[in-house]
Amino acid sequence: MASPMMDLIYWKDTERSGMVLTALVVGLLSLFQLSIITVVSTVSLAVMCFTISVRIYYQLLYVLSWGDGQHPFKSYLDLDISFSGEQADLYMQKAIVLTLSALDSLRRLFFVEHLFESLKLLFLMYLVTYLGGLCNGLTILIISVIALFSLPLFYERRQEQVDGFIGKIQAQIDNVKDFLRRLVQGGGPPPDTTPGGAKPKTQ
């Protein structure tokens, strides 16, 4: 059974995540009516007004001997966000490798190195055209942000049901993939993979 302290920590983490989610969704929704330059500048003004006000308030408390004079954002200022030369080179190498790998995969798909894989991409792009007709990229981004914060919590509460449902979907997908693969290869029953399986009778 979870302790009250763990429940309090979980509640605080959930509350913090809710605040971040609300801020992100409100910011994205504002892009429907305002330009990204207006949104970024307005948010920056709001953040600066808040931080400057808090800084002046703490400084005033220190002048009046009601505070210790500690910087209110010291923990954020002390965060080390720098990279060493080796780390920067490592991350750059990883980015280059990922980019080249993605380009190589796209080349193989668009120039039909494997017919089945290219057909899957063709079907996916066909579905994306319908998705683009229903909503724009900003709407998809908002839905993705909401799902990013909501799905982990939903999965934690309904883990067994979700795992069972995903298992059924995966089984159906495997069946469809097997059917399409056999269709591309010319049809016929799937091979018998069991050791010592019965051989087909010859006439």
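Lys120 pairs with Glu117 in a salt bridge, with 3.2 Å between the closest N and O atoms. The term salt bridge here means a side-chain nitrogen of Lys or Arg within 4 Å of a carboxyl oxygen of Asp or Glu. The model is a predicted one, in which local features need pLDDT of at least 70 and side-chain atom pairs count only at pLDDT 80 or more, while totals for chains, interfaces and linings use all residues. Residues are numbered from 1 along each chain as its sequence is written, and side-chain values use heavy atoms, with hydrogens and water left out.

Both partners, Lys120 and Glu117, belong to helix 5 (residues 115-134), where they are 3 residues apart, about one turn of the helix. Helices (H or I, at least four residues) and strands (E, at least two) are DSSP runs, numbered from the N terminus. An α-helix has 3.6 residues a turn, so residues three or four places apart point the same way. Lys120 is partly exposed at 34% relative accessibility, and Glu117 is partly exposed as well, with a relative accessible area of 35%. Buried stands for under 20% relative accessible area, exposed for over 50%, and partly exposed for values in between (1.4 Å probe, protein chains only).

The structure holds 5 salt bridges. Salt bridges that share partners join Asp104, Arg107, Arg108 and Glu113 into one network. The accessibilities are as follows: Asp104 is partly exposed at 25%, Arg108 is partly exposed at 36%, and Glu113 is partly exposed at 42%. Side chains of opposite charge can pair when their charged atoms come close.

Helix 4 also supplies Phe110, which is exposed at 59% relative accessibility. Accessible areas come from the Shrake-Rupley method with a 1.4 Å probe, and for residues only the protein chains shown count as cover.

The loop between helix 4 and helix 5 contains Val112. Val112 is not a glycine, yet its phi is positive, about 55°. Its relative accessibility of 43% makes Val112 partly exposed. Another positive phi, near 60°, is found at Ser65, also a residue other than glycine. Ser65 sits in the loop between helix 2 (36-63) and helix 3 (74-77), and is exposed with a relative accessible area of 64%.

Helix 2, which Ser65 follows, has 28 residues and should span 40 Å at 1.5 Å a residue; its end C-alpha atoms are 40 Å apart, which agrees. The expected span is 1.5 Å times one less than the number of residues in the helix. Val39, Val54 and Leu61 are buried in helix 2.

The chain as a whole has 7 helices and 0 strands, and its elements run α-α-α-α-α-α-α from the N terminus on. Of its 203 residues, 8% are buried. Its accessible surface comes to about 17,600 Å², with 68% belonging to carbon and sulfur atoms. Among the contacts (heavy atoms within 4.5 Å) with a separation of 6 or more, 49% are between residues 24 or more positions apart.

An unreviewed UniProt entry carries the annotation "transmembrane region" for residues 21-54 and 123-149. UniProt positions are given in the numbering used here, feature names are shortened, and annotations may be inferred rather than shown by experiment. In the model, residues 21-54 are 85% helix and 0% strand, with end C-alpha atoms 23 Å apart. Residues 123-149 are 93% helix and 0% strand, with end C-alpha atoms 29 Å apart.
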